[in-house]
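Please open the model in your viewer and keep the sequence panel at hand.

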Amino acid sequence: MSAPYNAAVLEPEATTPLIMALPKGRILKECGPLLARAGIVPAPDYADEDTRHMRFPTNDPNLDVIRVRPFDVATFVAFGAAQLGICGSDVLMEFDYPEVYAPLDLGIAKCRVCVAEPAATAGSDDPSRWSRVRVASKYPNIARRHYASRGVHADVVELNGAMELAPGLGLSRLIVDLVDTGSTLRANGLVVTETIANVSSRLIVNRTALKTQPEAIGALIARFRAALG
Ligand code: AMP
């Protein structure tokens with residue numbers, strides 16, 4: 001015998017908590033005060049970097065947070081696995097997902113996407129005269145677009161960290177990476193030769209989720225907007 005129609009079973013989005021994806025690492029710490037001002041209090045082990053948990057309830061029964069790598073925040077939101085997230089504008093520039101809407105600049109985790117080269121050779125050559133250049137970066141699209149705009153082909157060696165080692169070991173001529181204080185570059189004999197973009201973290205939303213759950217998601221956007229003062 002078939003089960004009787006039950007709206008609660010057939011429409012799980014009405015009872016399932018919204019998911020907000022938050023980035024591990026540096027940005028997570030800067031998110032804390034902002035979440036608190038927005039009235040969002042995740043379970044205590046959310047801030048414990050050693051916990052094996054990845055999904056945490058919050059004081060709002062309609063909102064859970066997940067903790068993922070910064071690049072993966074945009075992917076979870078773009079595919080609708082998370083309805084909202086907090087994500088650096090560097091990641092949005094790199095992926096350019098059409099499904100991701102970024103309604104608010106949160107003004108946190110500010111830094112720059114820069115080109116850096118060994119201090120010893122920086123400025124010794126005019127980049128507009130190059131036909132190609134080897135670049136080490138975790139931002140292949142940003143790096144390729146940047147050089148393509150001046151007619152230079154960028155051969156990008158993709159790395160996920162320790163980019164600063166690449167020029168000294170002959171892996172690339174230069175790097176494209178995030179720079180905050182510049183101390184990591186200095187410690188590795190590199191200097192900034194160009195700033196490609198200023199970066200800050202954004203509140204991001206899945207466009208389809210915003211259309212299907214406008215009240216719940218709109219209310220969360222409003223809470224973040226108010227938290228920014
Ligand atoms: P700094 O030495 O302060 O210039 O920081 C540079 C290092 O920190 C590089 O390895 C960057 O990839 C990383 N970094 C800087 N700012 C950020 C940020 N807002 N989010 C994530 N990583 C960052």
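**Stop 1: the loop at Asp96**

Select Asp96, which lies in the loop between helix 4 (89-95) and strand 5 (100-105); helices (H or I, at least four residues) and strands (E, at least two) are DSSP runs, numbered from the N terminus. Asp96 is exposed, with a relative accessible area of 58%. Here buried means under 20% relative accessible area, exposed over 50%, and partly exposed in between (1.4 Å probe, protein chains only). Although Asp96 is not a glycine, its phi is positive, at about 50°.

This is a predicted model, in which local features need pLDDT of at least 70 and side-chain atom pairs count only at pLDDT 80 or more, while totals for chains, interfaces and linings use all residues. Residues are numbered from 1 along each chain as its sequence is written, and side-chain values use heavy atoms, with hydrogens and water left out.

**Stop 2: the whole chain**

Of the 229 residues, 42% are buried. Among contacts (heavy atoms within 4.5 Å) with a separation of 6 or more, 66% join residues 24 or more positions apart.

**Stop 3: the two domains**

Colour domain 1 (18-109 + 200-228) and domain 2 (111-199) separately; these bounds come from an automatic or database domain assignment. Their centres, taken over C-alpha atoms, are separated by 29 Å. Eight residues from domain 1 and 13 residues from domain 2 take part in the contact. Between them the domains bury about 910 Å², 51% of it on carbon and sulfur atoms; buried area is the accessible area (1.4 Å probe) that two parts lose on being put together, summed over both. Select Asp90, Met93 and Glu94 next: they supply 60% of the area that domain 1 buries against domain 2, more than any other three residues.

**Stop 4: helix 2**

Which residues of helix 2 (residues 26-37) are buried? They are Ile27, Leu28, Cys31, Leu34 and Leu35. These residues lie on the same side of helix 2 because they cover an arc of only 120° around the axis, the arc being that of the directions from the helix axis to the C-beta atoms. Show strand 1 (18-23), strand 3 (63-68), strand 4 (84-88), strand 11 (201-206) and helix 8 (214-227), which are included in what covers the buried residues. On the face turned away from the buried side, select the exposed residues Arg26, Lys29, Ala36 and Arg37. Just after helix 2, Gly39 takes a positive phi of about 80°.

**Stop 5: strands 7 and 8**

Move to strand 7 (residues 132-137) and strand 8 (residues 153-158), which pair in the parallel sense over six bridges; two strands pair if DSSP finds at least two bridges between them. Arg134 stands opposite Asp155 in strand 8.

**Stop 6: two alanines in loops**

Select Ala162 in the loop between strand 8 and strand 9 (174-179). Ala162 is partly exposed, with a relative accessible area of 46%, and its phi is positive, near 55°.

Finish at Ala81, in the loop between helix 3 (70-78) and strand 4. Not counting residues up to four places away in sequence, Ala81 touches Ile19 and Phe76.
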